[in-house]
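This briefing is intended for a reader who is new to the structure shown below. It is arranged by topic and may be read alongside the sequence.

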Amino acid sequence: WQYFDRFGIFDSRDFEEDIIKKAISKAFEEISLAVGHAMSKRFDFVFLGLPANILRGEIVFQSFIRKNPKEIIRKKEENEIYQQVFDRVQKEVSQDFFQKTGILPRDLHFTSFKILEIKIDGYQVPNLKGYNGKNLAFRILATFLAKSYLKSLERITGEFLFRNEILIHLAQGLSSWLREKIDGIFLDIGGGITQIFFVKDGLLEKIDQFKI
């Protein structure tokens, strides 16, 4: 973990790449000292977790009505349904974020859509394939950031010669960790922003944050 000064496109127009470069460099120096390898050591995967004002996460609920509810869902239809639902989620989140921040939908990049829950006619199922039914309901975690940040990060990670880098939001890790049907409120208290994760029956219900 490395802390860097508060900044961001959500607060200002300048993206201070040098600050992130120094933070990544310092993190790798500490890793190198801990494991006894030189900084030239190359890693197969690097997972980058960014501050909540840069990499955002939203829980979105979407419904879908099938035209032929009696037919069993095959792989092709499953993929088509997922794509339509993800497109709707992206549009809804982008429009909502535009209303809050003034950042245009075309200036956002979505890094992932993670399905947290699927229901068919009110019954929870692990996936769509192999089932039939009419009314589909989805709980989806969408993660996104401004394209300007993405371009800057690509330049930064390019300098470090990472083989593979993956952007990951805390909510993705939390949803993977949740195994039991627990209720709770999880807090991530950061240097400038605190994130709140509301969990009900082992599923993320909502993500919120405030500047403290």
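**Salt bridges, a sheet and a surface patch**

K75 and E78 are joined by a salt bridge in which the closest N and O atoms are 3.4 Å apart. The model is predicted, and a search of the whole structure finds five salt bridges.

- K75 and E78 both belong to helix α2 (residues 75-101), where they are three residues apart, about one turn of the helix.
- K75 is partly exposed at 45% relative accessibility, whereas E78 is buried, with a relative accessible area of 4%.
- D96 forms a salt bridge with K100, with 3.2 Å between the closest N and O atoms.
- Because D96 and K100 are four residues apart in helix α2, about one helical turn separates them.
- D96 is partly exposed at 36%, while K100 counts as exposed at 61% relative accessibility.

**A salt bridge between strands**
- The side chains of E205 and R139 meet in a salt bridge of 3.3 Å, N to O.
- E205 lies in strand β9 and R139 in strand β5 (residues 135-146), so this pair ties together parts that are 66 residues apart in sequence.

**The open sheet**
- Three strands form an open, antiparallel sheet in the order β7-β8-β9.
- β7 (184-189) and β9 (203-210) each have a single partner strand, so one side of each lacks a neighbour in the sheet.
- Strand β8 (residues 194-200) pairs with β9 over seven bridges, and V199 stands opposite L204 in β9.

**A nonpolar surface patch**
- F45, F47, I166 and I168 make a nonpolar surface patch of about 380 Å².
- I166 is located in strand β6 (residues 165-167) and is partly exposed at 34% relative accessibility.

Definitions and conventions:
Residues numbered from 1 in each chain as written. Predicted model: local features only at pLDDT ≥ 70, side-chain atom pairs only at ≥ 80, totals over all residues. Heavy atoms only, no water. Pairing = 2+ DSSP bridges. Helix = DSSP H or I, 4+ residues; strand = E, 2+ residues; numbered from the N terminus. Patch = residues over 30% accessible without salt bridge, like charges linked within 9 Å, V, L, I, M, F, W, Y side chains within 5 Å. Areas by Shrake-Rupley, 256 points an atom, 1.4 Å probe, with all protein chains shown as cover. Salt bridge = Lys/Arg side-chain N within 4 Å of Asp/Glu carboxyl O. Buried < 20%, exposed > 50% of the residue type's maximum accessible area, 1.4 Å probe, protein only.
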